[in-house]
Amino acid sequence: MLDLPLMSDPEQRATMNVLTALIGAAQFTDLNLFHLIIIRMVALSLEHGNIEGSCLAYAVLGSVPSFYPDQSQAGFRVGKMALDLVERHGFDRIRGMAYYGFTLFTAHWTQPLATCQGLFRRAFEAARDVGDLTIASFARVDLVTNLLATGEALDAVEREAKSALAFVQSVGFGLIGDVIVTQLGLIRTLRGQTPNLGSFDDEEFRESDFEQHLEGDARLAIAASRYWIRKLQAKVHAGDYAAAVEAASKSASLLWTLPAQQELPEYHFYAALAWAGHCDSTVAEERHQALQELRAHKGQIAVWSQNGPENFANRAALLGAELARLEGREDEAMRLYEQAVRLAREQSFIHTEALANELAARFWAARGFETVAHAYLRDARYGYLRWGADGKVRQLERLYPDLKHEQPTPAPTSTITAPVEHLDLATVIEVSQAISSEMILEKLVDRLMRLAVEHAGAERGLLISPNGEELQIDAEATAYGKDLAVHVGQHRASNAAALPESLVRYAMRTRDTVILDDASSQHPFSADTYIVQHRARSILGLPLINQGKSIGILYLENTLMPHVFTPDRVTVLKVLASQAAIALENSRLYRDLAESERSLRSAIDGIPGLVAILAPNGEVEAVNLQIIEYCGRSLEELRNWGTDGTVHHEDLPRLAEIFTRSMAAGVPYQIEQRLRRFDGEYRWFENRGIPIRDDAGRIARWYILLTDIEDRTQALARLQQMQSDFARMNRVGIMGELAASLSHEITQPIASARNNARAALNFMDKQPPDLSEVREALGGVVGDTDRAGDIIGRIRDQVRKAPPRKDYVDLNTAISEVIALARSSIVSSGVQVRTRFADGLPPVHADRVQIQQVMLNLILNAAEAMGSMKEGARELSISTEQDRTGALVTVRDSGPGIQPAQLERVFDAFYTTKSLGTGMGLSICRSIVAAHGGRLWAEENEPHGAVFKFTVPGHEAGS
């Protein structure tokens, strides 16, 4: 599919664009329609070629097979292809949407949940960069959902949620804000920040008010579904199973908002636990239904476990244990509880591990095995502590007071520190100098491993880095008596025979130092295959972190002695780790830079865009494959592309001027131009040129990047046409408001003309006719009809759809005409108008009708505002004066005024303070003034009222 050509058929492109716009609505309307649209988009792409919308279709198509056990991996591969297509063709506009759709609908079914976090962050950044604030907001909230599902430390999740809430509030996305509020409710109650575990109520939040808010608006179904799932989770952790079942029932009616999202497994898992707990207290006749519900939810988790065992196997085991317990299969329940604990630990789901320990403890306690139950409870409490669920810890300590006095198993995440006086300063200096002095990656790694093993007293050391979802061993150091052998650059995949994967993955995920003083004793990683088989005594896992990014893990072990990695040694090792992380990253960047320089000519073929490399004199040295394919010409033919018609003849002089000036000054340039395609069609491109200098500061070459902006250019043209249409609609709307008052003005001269005509007839009937009176009456008729014609002419000028036409306009006269046009509305509002026009004001260069439209808006707004006042003077002052660029017009009223915070907002499109306003008038006025090169703004009037001012360029500025 990646090799398909780009879609060129205009009709098919339009169809794809319409279908792309419908995906969001279909998702929340009909799941079958949602899938049908996706499949249709894929079919069109396969038949006619790819387009931006194809990426979204492929990304979301991956979710359709995700519900079928034998098709899940195929769905993932299709979704992954969408991301490859985005990057290959540089579809920046849809990159965020594609990454988001792939992660939300597809990735989490088969890939470890933790890997989705980076994808959500990428989706957010890409969407934010192109202004797609809807996708950016959704990506932030679904990242928080992922962090909750993976069991990340709750304090960190709360920080992320608050940051996400601040972002969505800043962009005015209230619906997503409601979703984040529910997430924060769950986090806060688990952390013990609400009075009662399981309740979101506190001084600032009331569940009843929030539920009423959700129920009162059907458009909030997305937020409502998430709210009841979070309530379900909270009630399960609180042990309030009746309330949990109720929340599950409310969630079930809203599952249509979650066709394939991460919350769907959360709902099924916690709903199953709710029904399992409810079985213990329900009457016999209701027990059958509860068991049926439990089996249904468990079956769904079991299906997903086949596709993504890393995410769902631990949950399937725990639900299986609960079902076996309720059905009396005690041996199987014992095995499954232990399996759930082990799988959750191996897969780093600390919250599920704690929950599994708690439920296993209840199972053993109910059968009288207090010692075993207490051991599980102790591990449950310790797990909740590590998760940060202090509210849950307090509940356990209240129910089981003896737990308060328990000392946890030696903490694998305890931070080892030593006072400054314990540091060996000479060693620290030696470490820093040795690490920072190496730039060759292989030598740096060799030095790092020798220093670490020798200083720590380890027998064996590994440098481990993440390679996708796998762990990769980059170097190994082994001590043989006084000798130390270091092997660098092996880059072999890790396995259970090489290292304790559960411990290393934990350190990699949490970025915490892991120390086992005696690995032969009981600890959270006791079940790890490597630790069991190799009987290591002292173990240390030390993360290498640079700028918040995990570079790798330094793993050290000693199989002979416990307590080898003492606090003072670990403190120095941490200094080494921080220096090593920086040096490793710099060394890798240095190596990558050297490799990229050597392979520049082949690398540019992968850049999504048209790329050319020019010599300092402007001669074309190299181009990428995309230019050759676009133009249908060879490199030799393209060396003279400025004079062979490749550049549009209208754009060539301007391009040559800017390029010549930029080359002479040695500064970057940016210009828009048209470039001819192989089929003769010209498309708009953004041309950016950047000079690359050598060590002496001389320009070594120019990099030219041409980005296709044809779609953006066409969209801008359509936007400008829409703006013109809006301006005319606004004029028509204003004239509609004036129609009633203008009818009086038109009627009066017509009635006067009629009376004068009758008088003329009467004078004609006299014997003899009084011709002097007839002449005078007919003169009155002419004057009256001229006056009516002037009024009609002014209306026609305002309403007609005429193109903008700038000329030299007498601003004072134009404003006087507008005042006359609006006279009836002014009089009916009881407004007195005072004018102060500057004498000798030079003409301005403007479109007379458009400037009069601005004045008509401002005058009618002021009259309407003052007309609503019950008392006080109603004065409208209009003045003109000359400023340094042209003319300044001031419209000052004595109305109720504008709040300071709204002085700028009143110009926003669709923002209005009127009950029946459209919010477009002032926005259009500002765009008209800006198009003339002027500025329109508002100020407060003293002691009350509002002032609107705008500038219009004069004769010289306008020309």
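Colleague: Before we count anything, what is a cavity here, and how many of 30 Å³ or more does the structure hold?

Modeller: A cavity is a set of grid points where a 1.4 Å probe fits but cannot get out. Keep in mind that this is a predicted model.

Colleague: Let's take the largest cavity; which residues lie nearest its centre?

Modeller: That cavity holds about 130 Å³ of space. Its lining is made up of 11 residues, and those nearest the centre are Arg345, Glu353, Asp379, Tyr382 and Pro524.

Colleague: And which element gives the most to that lining?

Modeller: The elements giving two or more residues to the lining of the largest cavity are α17 (350–366) and α18 (370–387). The top contributor, with four residues, is α18.

Colleague: Now for what α18 packs against: are α18 and α19 roughly parallel or roughly antiparallel?

Modeller: Helix α19 covers residues 390–399, and its axis runs 8 Å from that of α18, at an angle of about 155°. Angles over 145 degrees count as roughly antiparallel. So the pair is roughly antiparallel.

Colleague: What are the residues of that contact like: how many are nonpolar, polar and charged?

Modeller: On the α18 side you'll find Leu377, Ala380, Arg381, Tyr384 and Leu385, while α19 brings Asp390, Lys392, Val393, Leu396 and Glu397. Sorted by type, the contact has six nonpolar, no polar and four charged residues.

Notes
Residues numbered from 1 in each chain as written. Predicted model: local features only at pLDDT ≥ 70, side-chain atom pairs only at ≥ 80, totals over all residues. Heavy atoms only, no water. 1 Å grid on protein atoms, 1.4 Å probe; cavity = no way out; pocket = protein on both sides within 12 Å on 5 of 7 lines; lining within 4 Å. Points joined across faces, edges and corners; volume = space filled by probe spheres on them. Axes fitted to C-alpha atoms, helices over the stretch in contact; angles between N-to-C directions. Parallel < 35°, antiparallel > 145°, perpendicular 65-115°, else oblique. Contact = heavy atoms within 4.5 Å. Nonpolar A, V, L, I, M, F, W, Y, C, P; charged D, E, K, R; others polar.
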